[in-house]
Amino acid sequence: MMAGGDENWALIIVDVQNDFMEGGALQVSQASTILDPIDELLNAPRIRLVAATQDTHPPAHLSFASTHSKPPFTRHNVPHPCLPSEHIEQMLWPDHCVRGTEGSQFHPRIQQALKRRADAHIIPKGTNIKVDGYSGFADNAYLSFTELPRLLFENRITRVVVVGLATDYCVKATAIDAAKFGLKPVVVRQATRGVDEQDSQQALREMSQYGAEIVHSAKDVIAL
Ligand code: VGL
Ligand code: ZN
């Protein structure tokens with residue numbers, strides 16, 4: 001077991017963007033309750049790097065219900081982006097986080113925090129019109145990776161704290177990919193909220209099956 005002092009920790013803040021906050025296009029209930037715990041984590045001395053993922057879709061993205069003239073929050077089979085004979089199941093969402101819009105911007109408190117830190121990095125994702133991208137590391141079909149794996153590798157990061165929105169989609173995918181990279185993810189329950197409460201409980205179980213450590217509060221991280 002590596003001693004805490006030998007580890008380099010990063011904080012991955014997933015999709016804390018206006019469209020996911022209360023009143024946004026794809027609002028997550030009680031989303032703003034995560035802001036104080038995230039601030040606490042931003043002040044934790046062992047965090048050496050901050051990566052904020054930003055869901056950034058082109059108009060008429062494949063994940064938008066409007067693109068398929070279907071109702072949002074239903075599942076739909078869409079063609080695999082490079083195997084046209086195969087289909088993947090896609091949850092259809094209201095239009096959200098369209099690049100360049102106010103809704104795609106970070107919550108102002110997160111924006112401020114990122115501006116203040118020299119070690120903060122913004123990671124756009126979901127940019128390919130033909131495939132959704134839940135994870136901060138890659139699109140859902142693993143066609144291409146974001147800047148995040150290289151950034152963490154170059155900075156010799158050994159452990160990541162994963163927080164943000166939404167527990168049952170992008171936080172889950174990001175924590176599981178982090179585990180696949182051997183990055184020992186820690187997920188902070190008070191710093192994440194989900195689209196669906198039951199799915200979020202299930203997501204936390206799946207993340208822990210992949211080796212993620214689930215803790216309650218920012219204080220639990222500071223005590224690790
Ligand atoms: C997300 C649905 C669609 C998320 C992003 O950030 O969890 N969920 N796009
Ligand atoms: Zn999205």
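**Close-up 1. Helix H5 and its surroundings in the predicted model.** Helix H5, covering residues 197-209, has 13 residues and reaches 19 Å from its first C-alpha to its last, close to the 18 Å expected at 1.5 Å a residue, where the expected span is 1.5 Å times one less than the number of residues. Helices (H or I, at least four residues) and strands (E, at least two) are DSSP runs numbered from the N terminus. The model is a predicted one, in which local features need pLDDT of at least 70 and side-chain atom pairs count only at pLDDT 80 or more, whereas totals for chains, interfaces and linings use all residues. Residues are numbered from 1 along each chain as its sequence is written, and chains are lettered from A and ligands numbered from 1 in the order in which they are written.

The buried residues of H5 are Ser 200, Ala 203, Leu 204 and Met 207; a residue is buried if 20 or more other C-beta atoms, placed from the backbone, lie within 10 Å of its own, exposed if 12 or fewer, and partly exposed in between. Seen down the axis of H5, these buried residues fall within an arc of 100 degrees, so they line one face of the helix, the arc being that of the directions from the helix axis to the C-beta atoms. An α-helix has 3.6 residues a turn, so residues three or four places apart point the same way. On the other side of H5, Gln 198, Gln 201, Arg 205 and Gln 209 are exposed. The cover over the buried residues of H5 includes helix H4 (167-180), strand S7 (186-193) and strand S8 (213-215), with two residues taken to be in contact if their C-beta atoms, placed from the backbone, lie within 7 Å. After H5 comes Gly 211, whose phi is positive, near 100 degrees.

Close-up 2. In helix H1 (residues 35-42), the buried residues are Pro 37, Ile 38, Leu 41 and Leu 42. They cover an arc of only 145 degrees around the axis, which puts them on the same side of H1. Among the elements that cover the buried residues of H1 are strand S1 (9-14), strand S2 (47-55), helix H2 (108-116), strand S6 (159-165), S7 and helix H6 (218-223). The loop between H1 and S2 holds Asn 43, which counts as exposed because it has 11 C-beta neighbours inside 10 Å. Asn 43 and Ala 113 are 70 residues apart in sequence, yet 10 Å apart in space, C-alpha to C-alpha.

Close-up 3. Ligand 1 is surrounded by Asp 15, Phe 20, Asp 55, Trp 93, Leu 165, Ala 166, Tyr 169 and Cys 170, where a residue is near a molecule if its C-beta atom, placed from the backbone, lies within 6 Å of it. The shell around ligand 1 divides into 6 nonpolar, no polar and 2 charged residues; Ala, Val, Leu, Ile, Met, Phe, Trp, Tyr, Cys and Pro count as nonpolar, Asp, Glu, Lys and Arg as charged, and the others, Gly among them, as polar. A cis peptide bond, with omega about -10 degrees, joins Leu 165 and Ala 166, and Ala 166 lies in the loop between S6 and H4.

Close-up 4. His 96 is placed in the loop between strand S4 (87-91) and H2, and it is buried, with 24 other C-beta atoms within 10 Å. Not counting residues up to four places away in sequence, His 96 touches Asp 19, Ala 25, Leu 26 and Gly 103. The C-alpha atoms of His 96 and His 57, 39 residues apart along the chain, are separated by 7.6 Å. Cys 97, found in the loop between S4 and H2, has a positive phi of about 50 degrees although it is not a glycine. With 26 C-beta neighbours inside 10 Å, Cys 97 counts as buried.

**Close-up 5. Lys 184 in the loop between H4 and S7.** Lys 184 lies in the loop between H4 and S7, and its phi is near 45 degrees, a positive value in a residue other than glycine. Lys 184 counts as partly exposed, with 18 C-beta neighbours inside 10 Å.
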